[in-house]
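Hi,

Here is the model I promised to pass on. Have a look first, and my notes follow below.

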Amino acid sequence: MNLSMSSVESLVAQIHGLSSNIGELTQLRNYLKQCDDLLRTESTRLAPLLTELDPSVHSLGYLYILEACTSAPISKDQANKLVLSVARFINVCAAEQIRLAPEKFISICKRLMLQVMLLEDPMRGVAPLLTSIRKLQSSTEQLTTLHPDFMLLCLLSKCYKIGLSVLEDDIFEVDLPRDLFLYCYYGGMICIGQKQFRKALELLHNVVTAPMPIISAIAVEAYKKYILVSLIHLGQQFATSFPKYTSSAAQRNLKNFSQSYLELVNSYSTGKVSEVEKCVEIYKDTFGSDNNLGLVKQVVSSMYKRNIQRLTQTYLTLSLQDIANTVQLNSPKEAEMHVLQMIQEGDIYATINQKDGMVRFLEDPEQYKTCEMIERLDFSIQRIMRLSKKLTTMNEVMSCDPSYLGKVGKERQRFDYDDFYTVPSKFTI
């Protein structure tokens with residue numbers, strides 16, 4: 001069946017006439033679903049129809065036609081035009097309309113992402129995908145399938161701060177486990193790029209401990225970075241044991257794929273920089289092939305920081321030469337650079353006397369009574385209260401879920417059965 005002039009006029013008329021309210025839009029969606037095969041067949045002839053529609057008013061109809069127009073393979077020369085047309089539509093489309101056909105909307109967004117990657121200009125896709133996420137979400141608690149793509153573009157374009165703004169959202173609704181894995185993995189890498197290691201640990205921990213029937217490549221790579229970030233942020237307090245809620249697949253296999261990283265943990269636990277550097281040299285090729293060599297170098301640097309921090313617990317003043325000797329740095333100048341960086345990052349509080357090269361260690365000046373600190377504390381308390389309320393609601397919903405109750409009932413029956421036939425220890429036969 002070909003797209004005749006009458007059918008074109010009928011299609012445009014239906015879109016114009018059924019874009020006013022939700023009842024009509026539902027009817028239009030059903031009509032467009034029936035035309036979907038025809039639209040794809042005639043995809044190369046549909047572009048002129050877009051000029052007859054207003055994307056902000058006729059968003060649903062425009063979406064179906066645009067998705068069909070962009071479905072065919074295109075050259076690199078045509079990619080720029082596609083990116084512009086899809087980005088314009090994303091900016092002006094009505095959220096309530098595109099949510100009626102989320103799979104179509106996701107399809108054109110993913111095509112936009114692929115094209116900006118083809119053009120080697122990932123930054124062009126950051127703003128459109130952020131807008132897409134916000135329009136597709138029913139609330140900021142929902143993780144969409146576009147979240148991982150957005151995080152990847154932020155990572156590749158080094159737009160870390162924009163990525164962090166989305167990572168601040170508390171996620172409670174996840175449709176596909178793979179989306180959560182990639183979102184947390186890419187998000188963790190963004191936090192590493194901003195040296196927000198605590199948040200990075202949280203996200204990578206989510207990947208490592210998430211339920212998984214079989215081990216995944218994402219989990220393996222996340223675990224390697226999790227080890228490195230833990231050493232940077234926690235130092236020798238890091239434990240290689242898994243939490244009880246970690247899946248059996250992860251507990252059995254993750255360490256087998258990360259032996260070189262566990263060797264680094266062992267060398268770090270000695271507290272000797274020379275041992276850490278020796279381990280890094282042995283496994284340098286492995287760390288490099290995993291694209292983790294930069295992070296490994298930060299692990300080595302963190303060892304110097306840990307050793308300097310220990311000195312603050314013992315000494316009030318110390319010369320730069322003594323610091324260099326104690327923590328195994330090459331010169332007082334190198335010790336000064338480390339101390340200055342730690343002061344700047346808030347790791348220690350100290351002053352350096354340039355005349356005699358003496359470092360004076362100070363107490364934390366924060367008294368926790370400024371207006372700014374009170375606002376931060378209040379924000380944290382309010383957030384915790386919201387999370388507590390949300391968890392209570394989720395617990396109530398789960399306690400009424402038939403599938404959950406059925407599983408708990410089976411477990412309870414098995415437990416009662418075992419108890420009935422088990423001889424109590426205080427009795428003998």
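Which residues of helix α15 (residues 259-269) are buried? They are S260, Y261, L262, L264, V265, S267 and Y268. Buried here means under 20% relative accessible area, with exposed over 50% and partly exposed in between (1.4 Å probe, protein chains only). Helices (H or I, at least four residues) and strands (E, at least two) are DSSP runs, numbered from the N terminus.

Before the rest, a word on the numbers. This is a predicted model, so local features need pLDDT of at least 70 and side-chain atom pairs count only at pLDDT 80 or more, while totals for chains, interfaces and linings use all residues. Residues are numbered from 1 along each chain as its sequence is written, and side-chain values use heavy atoms, with hydrogens and water left out.

Back to α15: the cover over its buried residues includes α13, α16 (273-282), α17 (284-289) and α18 (293-312). After α15 comes G271, with a positive phi near 80°.

The largest nonpolar core has 120 residues, and F89, F105, L264 and I323 touch the most other members. Helix α13 (residues 217-234) gives the most to this core, with 11 residues. A nonpolar core is a set of buried Ala, Val, Leu, Ile, Met, Phe, Trp, Tyr and Cys residues joined through side-chain atoms within 4.5 Å.

Not counting residues up to four places away in sequence, I323 touches I308, L311, L318, A335, V339, V359 and F361, where contact means heavy atoms within 4.5 Å.

The sheet itself is open, with three strands in the order β3-β5-β4 and antiparallel pairing. Its edge strands are β3 (317-319) and β4 (350-353), each pairing on one side only. Two strands pair if DSSP finds at least two bridges between them. Between β3 and β5 (residues 358-361) there are three bridges; L318 stands opposite V359, and S319 has M358 as its bridge partner. β4 and β5 are joined by four bridges, with A350 partnered by F361. These two strands form a hairpin with four residues between them, and G357 in the turn has a positive phi of about 65°.

- D36 sits in helix α2 (residues 22-41). D36 counts as buried because its relative accessibility is 16%. Leaving aside neighbours within four places in sequence, D36 is in contact with Y64 and K104.
- M113 belongs to helix α7 (residues 102-118). M113 counts as buried because its relative accessibility is 8%. With neighbours within four places in sequence left aside, M113 is in contact with D149, L152 and L153.

Last, the largest pocket: about 920 Å³ of space lies in it. Its lining has 28 residues, of which I171, F172, V174, L180 and N206 lie nearest the centre. The elements giving two or more residues to that lining are β2 (173-174), α11 (177-193), α12 (197-209) and α21 (371-399). On a 1 Å grid over the protein atoms alone, a pocket is an open set of points where a 1.4 Å probe fits, with protein on both sides within 12 Å along at least five of seven lines; lining residues have an atom within 4 Å of a point.

Cheers

Definitions and conventions: Points joined across faces, edges and corners; volume = space filled by probe spheres on them.
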